[in-house]
Every structure is written in C-alpha cells, then in structure tokens.
Amino acid sequence: MSFFSGIFLGVVVGVLLIIALARVGNIRAKHRSDLAKTIAAFARMTAQDSRKILPKEFYPSWVVFTQRQKLNWLNHQLDKIWPYVDEAASELIRSNVEPILEQFRPAVLSSLKFSKLTLGTVAPHFTGIAVLEDELEPNGITLELEMQWDGNPNIVLDIKTKLGVSLPVQVKDVAFTGLFRLIFKPLVDEFPCFGALCYSLRKKKNLDFKLKIVGGDISSIPGVSDAIEETIRDAIEGTITWPVRMIVPIIAGDYSDLEVKPVGTLEVKLVQAKELTNKDIIGKSDPYAVLFVRPLKERMKTSKTINNQLNPIWNEHFDFIVEDASTQHLTIRVFDDEGVQASELIGCAQVALKDLEPGKVKDVWLKLLKDLDIQRDNKNRGQVHLELLYYPFGTDQGRHKNPFNPDYALTSVEKVLKTAPTGSDDAGSRKPSSPKKRDTIVRGVLSVTVIAAEDLPAVDYMGKADPYVVLIMKKSETKVKTRVVHDTLNPVWNQTFDFLVEDALHDMLMVELWDHDTFGKDKLGRVIMTLTRAILEGEIQDCYPLEGAKSGRIYLNLKWAAQPLFRDN
C-alpha cells in the first residue's frame with residue numbers, strides 16, 4: 001500500500017512540477033515579449049514624448065540642454081565677439097550697402113552716402129532656430145534663425161539734395177525683428193562640405209528707426225525724411241528680402257542656379273468690393289486699391305478711384321511676376337482717397353499663392369483687416385472680390401511666352417485664347433512671331449440660362465414674393481429680363497438668353513433679382529460676375545449667393561462661344 005501511495009504522490013508532485021515549470025516559462029516568455037515591446041516603443045519615441053514621460057527636473061545635468069539654452073549659449077558667444085564683428089564688418093557693410101542705396105536713391109536726392117558707420121555695442125540676439133525639411137532645397141541644408149536687435153549703432157548719412165543742400169542725417173534707435181533663412185548648397189565631398197552659402201531675410205516682422213539731422217530738425221525740410229526712410233525700406237526689400245537671396249561662394253564654381261528667377265505669372269482681376277467702412281464725415285469714401293506680390297514701388301499696381309462709393313466696381317486686370325509660389329502672397333490694400341492729404345487705409349487682405357491651382361481661376365472674397373499681422377479683427381471693414389489665375393512657366397498651363405518678352409502685351413487668359421480657333425480670316429492670318437504688340441479682343445456669344453433661385457427673402461405681406469431676374473451686360477448695357485413667377489420664394493425659370501459680347505475679357509454680367517409689384521418693385525439682391533471662367537472652361541453651371549440680401553441664391557448656366565480677334569497697336 002505504501003508503495004502505491006509513494007507512486008501516486010510522485011506522479012502528483014511530478015505533474016505539479018511540470019505545470020509550475022511550464023507556467024514559469026510562460027511568464028518569462030511574456031516578460032521577454034513585453035520587454036521587447038517596451039524597447040521598441042522607446043526606440044520610436046521622440047524628444048517631445050520623453051519630456052511628457054519624464055519632467056526635465058529629473059534629467060541629469062549633462063542631458064538637460066534645451067533649445068533656449070543653446071540659443072543663450074550662442075548669444076553669449078556673439079556678445080563676446082561683437083566688438084570684433086563691429087570693427088571688421090563696418091567697412092564691409094559700407095562698401096556693399098552704398099551702391100545699393102545709390103540704386104534706390106529717390107529723385108529728390110543727388111547723393112546718398114555714409115559719413116560714419118559703426119554697429120554699436122549691443123549685439124543682436126537669436127530668439128529661435130529651426131532646420132527645415134530637405135524637400136525645400138534638395139541637395140542642401142536650410143536653416144532659419146529668428147533675430148532681434150535693439151541696437152545703438154552710430155550711422156550718419158551724408159545726403160545732398162537736388163538744390164545743392166548738404167545734410168548729415170543720423171539713423172538712431174534701430175529696432176529690428178526678423179527671420180533669416182540660410183541655405184547651404186550644394187552639398188559636396190570637399191571641406192566644408194557645401195559649395196555656397198545663401199542668406200535672405202525670410203520675414204521682416206518689425207523694422208523701426210528714427211532719422212535726425214545732426215544739429216537740426218529733419219522735419220524742417222519737407223519730404224526728405226520720407227524719401228530717406230522709403231529708400232532704406234526699398235533697399236532692404238529689393239536686395240535681401242526673400243525670395244531674393246545673397247550668394248556667398250565658399251568653393252569656386254558656378255552658382256547661378258541659386259539666384260532668384262521668375263517661375264510664373266499671377267493674373268489678378270480686381271472685380272469689386274462691398275460694405276467698405278466709410279472714412280468720410282461728409283459723403284462716402286472714395287476707394288482705390290493697391291496690389292502687390294513684392295512691395296517694391298515699380299511692382300505695385302494701383303486701381304482707379306471710385307468716388308463716393310462704399311460698394312465700388314473696378315473690373316480691372318493686373319499681372320505680377322512670381323519668384324516663389326510656395327512662400328509668396330498677393331497683398332491688397334484698400335484706401336480712401338483724401339485728395340491732397342495722405343490716403344487713409346480702409347483695410348487690407350492677403351492670399352497665399354500656394355493655395356492656387358495652376359491654370360485654374362480662383363474666385364475669392366477676402367475680408368479686409370486693419371493689420372495683416374493681427375488677424376483677429378472683429379470690426380467689419382468690408383470685403384473685396386478677386387479673380388486669381390496662376391500660370392507657372394515651363395508647364396502646360398504656362399505655355400505662353402515669358403512676360404518679359406517685349407513683343408507681346410497679352411494677359412495669360414489672352415495667350416490661352418490665342419491658340420483657339422478664331423473663326424476670323426484676319427486673326428488666322430497673323431503669325432505668332434509678329435514683332436508688333438497685339439491686344440486680344442475676345443468677341444463671342446454668351447448664353448445665360450437662368451435656372452432657378454432658392455430661399456429668397458420674403459417681401460410681400462403673405463410671406464411670399466413675385467420674383468423675376470434682370471440680366472445686364474455692363475459695357476454694352478444690354479438688358480433682358482425673365483418672366484415673373486408669382487407667390488414663391490423658390491422660383492424656377494429655365495430661360496435662356498444670348499448676348500453678343502464684343503470685349504468679354506473686360507465685360508461683366510450683372511444679375512439682379514426683383515420682386516414685381518403692381519405699384520412698384522423691390523430689389524431682392526444681385527450677383528456680379530466676370531466672364532473669365534466661362535471663357536476658359538467653355539461652359540459652367542453654378543450656384544451664386546445673392547449680395548445685399550439676408551438670404552437667397554440663384555442657379556445659372558453660362559455657355560461661351562468665342563471668336564477672338566487680334567488688334568495691332
């Protein structure tokens with residue numbers, strides 16, 4: 001009996017040991033698996049993840065070296081070497097900047113040179129640093145440094161006016177904040193491993209300084225202060241502000257490919273504005289618009305002034321050279337013309353060119369702001385209506401000739417139309433290589449189908465309306481109207497009208513909705529549109545919200561049959 005009991009206990013103990021060993025093996029295997037997952041997770045961690053897990057106060061001293069401390073170290077070193085930088089760079093700056101000032105010298109001055117130039121005792125400080133993605137500059141490294149300088153330089157300009165008056169003008173209290181971009185390109189296998197250094201002022205956040213005549217008051221000579229200040233700002237904008245960049249060869253070679261070059265054209269149609277702020281005490285504002293991609297005097301375009309109007313219609317066309325579509329913007333500023341006095345800003349707006357699809361017309365309404373740097377502006381300053389068309393060079397969309405070619409004075413839309421069948425023997429007989437300038441007269445038939453409208457405002461006592469539509473071609477003043485649809489806020493017309501348009505690129509279609517009454521009529525709203533989309537696409541059908549109405553939209557179909565003609569100048 002004892003024998004069998006021993007066997008039984010041995011078997012039980014053996015089974016338990018086997019189970020225990022298997023369980024321990026499973027536990028150890030699970031621990032190994034969890035450890036492997038943990039190690040893999042740590043391998044995928046970023047610096048930001050580690051800061052969330054372990055606060056910096058627990059880091060050992062040799063690990064804690066934040067970006068701020070790196071910048072502090074860099075600024076400390078710059079403070080130490082600044083006296084030597086001042087001494088070494090002052091003459092270099094003088095020799096390089098004087099020709100630039102001469103290039104941008106205003107007409108009222110006959111000479112503009114430095115009589116004294118030192119950078120002072122206060123060094124600039126770097127407040128931010130970032131390494132950008134490699135896609136921006138293939139085969140190169142792009143670095144951005146944010147710099148702030150509240151300096152005390154000793155700069156005296158020796159200026160001479162056209163009248164022969166010589167004035168020493170001091171530039172003082174300089175305050176500057178900006179973002180500099182450094183590009184090390186191309187990367188090579190020879191020390192220091194890059195061929196050239198490009199630098200540019202990527203963004204100018206603030207530039208402020210004061211001008212003072214040594215021993216006098218600069219305001220006593222009208223126009224001189226403004227002329228010098230404009231010269232300084234234009235020189236900065238035209239020589240080192242992105243996309244312009246300065247190139248410093250490090251290793252001998254040809255680096256012309258790093259220079260800024262035009263990459264396309266931007267066609268802008270300034271259509272209209274609405275609900276502009278009234279800046280006049282008596283009457284209404286006299287608005288005009290200034291548009292630019294780069295704020296250089298010769299590249300800024302100004303519209304005509306519309307007198308005594310808060311809802312102006314301009315319908316003007318402008319074109320701009322684009323050097324970097326990924327970073328440049330179109331800026332528009334709307335002013336109130338005050339006659340002999342300085343114009344007063346009504347508002348401004350901006351469009352990023354990177355948001356435009358090449359070869360496609362973009363129709364935008366932009367809200368006007370007081371300041372582009374402060375986007376939060378609750379005051380209604382009005383809106384401006386633009387049509388934008390970006391054509392890059394060297395693509396199917398940009399197959400027109402370079403705008404610098406003096407042989408042609410055509411817009412991009414006209415250049416596209418030039419390739420279409422003209423239906424005119426005179427147009428077809430003209431060769432594209434003709435040395436004469438030619439303007440395109442886009443003549444054709446515009447078919448407008450007024451389909452329907454929805455959610456119109458109620459104007460009758462019964463909460464209904466008797467709507468009809470009036471179509472007007474602005475230049476020819478041709479006017480047609482639909483039938484009246486009674487007692488509805490959602491009328492359906494499905495009526496088509498044909499217009500013979502003589503100059504479609506510069507004409508506009510006015511769509512007005514009215515309520516028919518026995519003893520009068522009420523305006524329900526309107527839509528103003530150019531013919532650009534219809535010209536480029538041939539046929540469009542869309543829904544348009546009504547302007548000047550609390551609600552409502554109208555459905556239209558536009559079909560264009562073109563006969564472009566070319567006129568020699």
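Guide: A residue counts as buried under 20% relative accessible area, as exposed over 50%, and as partly exposed in between (1.4 Å probe, protein chains only). The model is predicted, so that local features need pLDDT of at least 70 and side-chain atom pairs pLDDT 80 or more, while totals for chains, interfaces and linings use all residues. Residues are numbered from 1 along each chain as its sequence is written, and side-chain values use heavy atoms, without hydrogens and water.

Visitor: Which residues of α4 are called buried?

Guide: In α4 (224-239), these are Val224, Ala227, Ile228, Thr231, Ile232, Asp234, Ala235, Glu237 and Thr239. Across the 569 residues of the protein, 42% count as buried.

Visitor: Why is a set of 39 residues called a nonpolar core?

Guide: The term covers buried Ala, Val, Leu, Ile, Met, Phe, Trp, Tyr and Cys residues joined through side-chain atoms within 4.5 Å. In the largest such core, of 39 residues, Leu157, Ile159, Val169, Val171, Phe209 and Ile228 touch the most other members. At least two residues each come from α3 (67-103), β1 (109-118), β3 (141-151), β4 (154-161), β5 (166-187), β6 (194-213) and α4. The greatest share of this core, eight residues, is from β5. Apart from it lies another core, of 34 residues, including Val442, Ala534, Leu546 and Trp560.

Visitor: What does Phe209 touch?

Guide: A contact requires heavy atoms within 4.5 Å. Leaving aside residues up to four places away in sequence, Phe209 touches Val171, Lys172, Asp173, Val174, Glu229, Ile232 and Arg233. Of the contacts in the protein with a separation of 6 or more, 66% join residues 24 or more positions apart.

Visitor: What makes one space a cavity and another a pocket?

Guide: On a 1 Å grid over the protein atoms alone, a cavity is a set of points where a 1.4 Å probe fits but cannot get out, whereas a pocket is an open set with protein on both sides within 12 Å along at least five of seven lines; lining residues have an atom within 4 Å of a point. Grid points are joined across faces, edges and corners, and a volume is the space filled by probe spheres set on the points. The structure holds one cavity of 30 Å³ or more, and the largest cavity has a volume of about 60 Å³. Its lining comprises 10 residues, with Glu267, His317, Glu387, Leu389 and Thr532 nearest the centre.

Visitor: How do the linings of the two largest pockets divide by class?

Guide: Ala, Val, Leu, Ile, Met, Phe, Trp, Tyr, Cys and Pro count as nonpolar, Asp, Glu, Lys and Arg as charged, and the others, Gly among them, as polar. The largest pocket, of about 1600 Å³, is lined by 38 residues, among them Ile93, Val97, Leu119, Phe180 and Ile240, the closest to its centre. That lining has 36 nonpolar, two polar and no charged residues, and α3 gives the most to it, with 10. The second largest pocket has about 1200 Å³, and its lining divides into 11 nonpolar, eight polar and 15 charged residues. Nearest its centre lie Lys204, Glu237, Pro295, Arg333 and Gln350.

Methods
Helix = DSSP H or I, 4+ residues; strand = E, 2+ residues; numbered from the N terminus.
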